Amino acid sequence: MKSSLLVSVVIGLVIVASAANFNQDIDVTWGDGRGKILENGNLLTLTLDKFSGSGFQSKNQYLFGKIDMNIKLVPGNSAGTVTTYYLRSEGSTWDEIDFEFLGNLSGDPYIVHTNVYTQGKGDKEQQFYLWFDPTKDFHTYSLLWNPQRIIFSVDGTPIREFKNLESKGVTFPKSQPMRVYSSLWNADDWATRGGLVKTDWSQAPFTASYRTFKADACVWSSGKSSCSSTSPSQNSWLSQELDITSQQRLKWVQKNYMIYNYCTDTKRFPMGLPKECTAS
């Protein structure tokens, strides 16, 4: 009886955590006041000016989960700025799952830059345009991370899948718990057209806005996962994969909106493409 009650309490804690607001879930970690939690924890803003950017991180660490964040990106002339939203573990051989939003001149599209790091090594970049203006309203950017795959999604539409291909000799992030991080910073040495377009500081301050952080995830605490005793049916994302409709939507995005894929960059990899690019 006690053990079943404990499991129920653990499940309840995970559900509560997923519905909590920024005051409960997030710490603003740098920016000297440029990161602000407003509206009783329902809105978070990050600001960049000539002196500093700003950033935040989740209070919890997670080992697998589905993370959703509603973000409205920097409007107007955002050239030179980068808004990041990613999962990352600690240490010198870290794992990381990246969304980076590269600003651009007014009227030119944002570039969505994605990457996956395992044991400190990345080099798995794919880049996309979006099919809407991400500065006009909030849109949901999701990271699904389970033992079989990582899926990047925008408003429920998958844009990238990175599968666990350890059987082919490809490393996959599965043992290091990660926090959620986000930041807004100046990267005009590379962010826009390879650094050719610099940040126009007369447009500062630049602001990115966040709502509705949701983490349906296994919270990692004191060396243990909150999901260790729960049944898979209560965490369906742990075994989630792309159904036929989602696979078709993924192909649509990659055909029409992908602008860079490391898996087709033979000049970058003259000795042969990475193993995951050629695995069936």
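## Report on the predicted chain

The accessible surface of the chain comes to about 13,600 Å², and 51% of this area belongs to carbon and sulfur atoms. Accessible areas here come from the Shrake-Rupley method with a 1.4 Å probe, and for residues only the protein chains shown count as cover. The structure is a predicted model, in which local features need pLDDT of at least 70 and side-chain atom pairs count only at pLDDT 80 or more, while totals for chains, interfaces and linings use all residues. Residues are numbered from 1 along each chain as its sequence is written, and side-chain values use heavy atoms, with hydrogens and water left out.

**Overall form**

The chain holds four helices and 16 strands. Both are DSSP runs numbered from the N terminus, helices being H or I with at least four residues and strands E with at least two. The radius of gyration of the chain is 19 Å, which agrees with the value near 19 Å for a compact globule of 280 residues. That radius is taken over C-alpha atoms, and the globule rule is 2.2 Å times the number of residues to the power 0.38. Along the principal axes, the C-alpha atoms fill a box of roughly 65 × 50 × 40 Å.

Of the 280 residues, 51% count as buried. Buried means under 20% relative accessible area, exposed means over 50%, and partly exposed lies in between (1.4 Å probe, protein chains only). Among contacts in the chain with a separation of 6 or more, 66% are between residues 24 or more positions apart; a contact means heavy atoms within 4.5 Å.

The chain carries 28 positive and 27 negative side chains, and the centres of the two sets lie 4 Å apart. Lys and Arg count as positive and Asp and Glu as negative, without His and the chain ends. Each charge is placed at NZ of Lys, CZ of Arg, CG of Asp or CD of Glu.

Strand 8 (residues 111–117) is mostly covered, with six of its seven residues buried. Strand 13 (residues 179–186) is also mostly covered, with six of its eight residues buried. Two strands pair if DSSP finds at least two bridges between them. The pairings of these strands are listed below.

| Strand pair | Sense | Bridges |
|---|---|---|
| Strand 7 (residues 96–102) and strand 8 | antiparallel | seven bridges |
| Strand 8 and strand 9 (residues 126–128) | antiparallel | three bridges |
| Strand 4 (residues 54–58) and strand 13 | antiparallel | four bridges |
| Strand 6 (residues 81–88) and strand 13 | antiparallel | eight bridges |

In strand 8, Ile 111 is the bridge partner of Leu 102. Val 112 has its bridge partner, Phe 128, in strand 9. For strand 13, Ser 183 is the bridge partner of Gly 55, and Arg 179 stands opposite Arg 88.

**Backbone details**

The peptide bond from Ala 204 to Pro 205 is cis, with omega near 0°. Pro 205 sits in the loop between strand 13 and strand 14 (206–221).

Asn 40 is not a glycine, yet has a positive phi of about 55°. Asn 40 belongs to the loop between strand 2 (35–38) and strand 3 (43–48), and is exposed at a relative accessible area of 71%. Phe 64, also a residue other than glycine, has a positive phi near 85°. Phe 64 lies in strand 5 (residues 61–72) and counts as buried, at 11% relative accessibility.
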